[in-house]
Amino acid sequence: MLLLTLASHSSLQILHGAKREGFETGIVVSTKRESFYRRFSFIDNFYVYSDEDQAVDKINSTSNSVFVPHGSLIEYIGMERVSRIRTPIFGNRNLFPWESNQTKKMKLLELSNIKTPMKFESPEDVDRMVIVKLPGAKGGRGYFIARNKQEVKEGIKRLLEKRLINNVEDLIIQEYVVGIPMYFQFFYSPVLQRVEMTGIDIRYESNVDGLRRLPSDLRVEPTFVVAGNIPAVARESILPSVYEYAENFVRTTRNIVPPGAIGPFCLESVVTDTLDVVVFEFSGRIVAGTNLYVDGSPYSWLYWDEPMSVGRRIGREINLALQKNRLNEVTT
């Protein structure tokens with residue numbers, strides 16, 4: 001069987017893991033990036049495209065294959081084109097529209113009894129420090145902090161002028177929770193019927209993480225563009241509540257967006273000084289922070305006692321499903 005993915009985000013980890021699990025591998029890559037990916041011997045097949053419509057055609061041209069999505073898929077290809085993919089997709093493709101809509105995304109978290117930041121429907125309602133976020137996987141581009149409703153209005157005006165948004169209603173305005181960011185990575189296995197923690201990361205963002213190097217009296221507007229990731233391990237006393245969140249999320253998605261969460265997902269959180277975990281967003285697919293753990297994280301070793309990246313874990317789940325004739329339970 002062929003496992004393929006789109007060249008970007010976590011594609012190297014996905015295909016490296018697939019090869020470790022004995023699969024033939026394939027990458028759907030733009031002509032501009034082909035030479036870079038040719039450097040890696042674990043990629044068996046190259047499906048080179050010149051535009052996004054052709055990328056979908058390349059995916060659909062494969063046989064006896066499974067396509068593995070990641071966080072850049074919809075941002076690069078677009079929701080309408082992704083909906084035309086006929087090749088079986090690992091995970092739940094029905095979650096894609098929910099991920100791309102901030103209001104629906106937060107609703108899933110709330111229905112899962114997960115603590116989330118206060119949300120403001122309108123700039124007029126803002127009465128505290130907030131962060132304003134754009135829809136989709138923008139990697140933090142365009143996000144901004146505002147201390148009051150006037151700064152929210154000014155920031156939205158800049159976004160419209162720069163054409164970073166078309167509709168103000170697509171934005172999400174959230175209370176800015178003071179704490180440290182921790183992104184909890186999980187994997188739900190329909191075959192083994194369990195939730196596994198696969199790692200924790202912290203996003204390294206420019207320029208907000210660089211401002212600490214500047215004198216305190218030099219005022220620079222912070223931005224939140226993700227440039228990399230840093231590994232993290234949580235206090236063990238935090239983990240029970242985080243696992244409860246993850247299991248609640250799996251149950252909720254099974255009821256609201258059947259067949260529910262399959263494979264990797266991430267609860268993107270802030271941990272306060274009282275050790276409350278507040279989840280401000282989720283990703284329903286593999287996140288780029290998993291790239292830290294190509295040989296496994298401190299948590300994945302507890303389950304497998306062998307090198308197990310999330311990319312390899314995807315391959316392992318597909319292998320387990322094939323052995324039990326249950327591939328339809330891990331693909332949509």
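Hi everyone, let's start at asparagine 207, which is found in strand E10 (residues 194–207); helices (H or I, at least four residues) and strands (E, at least two) are DSSP runs, numbered from the N terminus. What we have here is a predicted model, where local features need pLDDT of at least 70 and side-chain atom pairs count only at pLDDT 80 or more, while totals for chains, interfaces and linings use all residues. Residues are numbered from 1 along each chain as its sequence is written, and side-chain values use heavy atoms, with hydrogens and water left out.

Back to the backbone. Most peptide bonds are trans, and most residues other than glycine have a negative phi. Serine 206 and asparagine 207 are joined by a cis peptide bond, with omega about 5°. Another cis bond connects proline 258 and proline 259, again with omega about 5°. Proline 259 lies in the loop between helix H9 (239–256) and strand E12 (263–271).

Now for phi. Asparagine 64 is not a glycine, yet its phi is positive, about 50°. You'll find asparagine 64 in the loop between helix H3 (52–60) and strand E4 (65–67). Is asparagine 64 buried or exposed? Asparagine 64 counts as exposed, at 53% relative accessibility; the cut-offs are under 20% relative accessible area for buried, over 50% for exposed, and partly exposed in between (1.4 Å probe, protein chains only). Aspartate 305 also has a positive phi, near 55°, and lies in the loop between helix H10 (300–304) and helix H11 (310–323). Aspartate 305 is exposed too, at 63%.

On to the rings. Rings of Phe, Tyr and Trp (its six-membered ring) pair if their centres lie within 6.5 Å; planes under 30 degrees apart count as stacked, over 60 as edge-to-face and the rest as tilted. The count by this rule is nine aromatic pairs. One of them is tilted: phenylalanine 40 and phenylalanine 42, at 5.7 Å centre to centre with 40° between the planes. Phenylalanine 40 is partly exposed at 24%, whereas phenylalanine 42 is buried at 14%.

Phenylalanine 186 and phenylalanine 265 have ring centres 5.6 Å apart and planes at 25°, so this pair is stacked. It links distant parts of the chain, with phenylalanine 186 in strand E9 (residues 180–189) and phenylalanine 265 in strand E12, 79 residues apart.
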